[in-house]
Amino acid sequence: MTAGGFASIVLDVDSTLCGIEGIDWLAARRGAAVGAEVSALTNRAMRGEIALESVYGDRLAIVAPGRDEIATLSRAYVAAVAPGAGAAVKRLHGAGRRVVLVSGGLREAILPVAALVGVADADVHAVSVHVDARGAYAGYDTASPLATAGGKPIVVKALRLPSRALAVGDGVTDVAMRPAVDAFAAFTGFVRRETVVSSADFVLTTFDQLLELALG
């Protein structure tokens, strides 16, 4: 496929917009053993070896993030934002492009970094976490399609984005956004997964490259 500009950009968050995997980052705070267990599950899901829905709830149950930890993760996302991401989103918006975030991560943790780079809350699509009156973990939105391997194309299709649309991400759940988008770009600025790269129409390592591709 040749580049020719895109009217809509669908960005993943973990290891794409930001250089961390949110749930893995939280798990590491539970100790090395827990961190390794959850990270291994994440990597297997992102490589397509196991279905995301088979491990999503298990990972969150292991980590059980409360209100304070979600706020701490928000700050980590902000600190790990990809170089040039905010400037790229600003230029894309200025050129009339639509930019949305579609993530299997935790929505409440993602909202502050979305605001930082200039993406409105209404354009942030992720999985909501529930906390009780004390701020303790009380589950997650189990009805969210984004907690499943095939959920991203369902969400993207429902958004009815202007054509042509480009999805950008690092995992097989991002590849799965085709054919709800016109093309997929593997983002390798933080992690490179060969199964994802081999399925991509484009390979990007920076947001400057994304900007060049999107603007055609």
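Residues are numbered from 1 along each chain as its sequence is written, and side-chain values use heavy atoms, with hydrogens and water left out. Because the model is predicted, local features need pLDDT of at least 70 and side-chain atom pairs count only at pLDDT 80 or more, whereas totals for chains, interfaces and linings use all residues. Helices (H or I, at least four residues) and strands (E, at least two) are DSSP runs, numbered from the N terminus.

In soluble globular proteins, nonpolar side chains tend to be buried together. Here the largest nonpolar core has 75 residues, and Ile9 and Leu166 are those with the most contacts inside it. Helix α6 gives the most to this core, with six residues. A nonpolar core is a set of buried Ala, Val, Leu, Ile, Met, Phe, Trp, Tyr and Cys residues joined through side-chain atoms within 4.5 Å. Buried means under 20% relative accessible area, exposed over 50%, and partly exposed in between, for a 1.4 Å probe and protein chains only. Contact means heavy atoms within 4.5 Å. Leaving aside its neighbours within four places in sequence, Ile9 is in contact with Leu92, Arg98, Val99, Val100, Leu166, Val168, Leu210 and Ala214.

Helix α6 (residues 107-117) also belongs to a right-handed β-α-β unit, together with β2 and β3. A crossover is right-handed if, with the strands pointing away from the viewer, the path from the first strand over the helix to the second runs clockwise. Strand β2 (residues 98-106) and β3 run parallel and are joined by three bridges; two strands pair if DSSP finds at least two bridges between them. Within this pairing, Val102 stands opposite His125 in β3. From strand β3 (residues 124-127), Val124 and Ala126 point one way, His125 and Val127 point the other way, and all are buried.

Phe207, Leu210, Leu211, Leu213 and Ala214 are buried. These residues lie on the same side of α10 because they cover an arc of only 165° around the axis, the arc being that of the directions from the helix axis to the C-beta atoms. An α-helix has 3.6 residues a turn, so residues three or four places apart point the same way. The buried residues of α10 pack against β1, α5 (85-94), β6 (165-169), β7 (183-187) and β8 (202-204). The face turned away from that buried side carries the exposed residues Asp208 and Glu212. At the N-terminal end, Thr206 caps α10, with a side-chain oxygen 3.5 Å from the backbone nitrogen of Asp208. Just after α10, Gly216 takes a positive phi of about 70°.

The loop between β1 (8-11) and α1 (22-28) holds Ser15, and Thr16 lies in that loop between β1 and α1 as well. Ser15 counts as buried because its relative accessibility is 6%, and Thr16 is buried with a relative accessible area of 0%. The side chain of Ser15 makes a polar contact with the side chain of Glu21 (2.8 Å), while that of Thr16 makes one with the side chain of Asp170 (3.2 Å). A polar contact is a pair of N or O atoms within 3.5 Å; within protein, one must be able to donate a hydrogen and the other to accept it, and residues adjacent in sequence count only if both atoms are side-chain atoms. Beyond residues up to four places away in sequence, Thr16 touches Ala82, Val168, Gly169, Asp170, Phe187, Phe190 and Phe207.

Some backbone features remain. Most residues other than glycine have a negative phi, and most peptide bonds are trans. Ser15, however, has a positive phi near 65°, and Ala64 has a positive phi near 45°. Ala64 lies in the loop between α3 (56-63) and α4 (67-79) and counts as partly exposed because its relative accessibility is 30%. A cis peptide bond with omega of about 5° joins Ser163 and Arg164, and Arg164 is found in the loop between α7 (151-159) and β6. Another cis peptide bond joins Arg178 and Pro179, with omega of about 5°; Pro179 lies in the loop between α8 (172-175) and β7.
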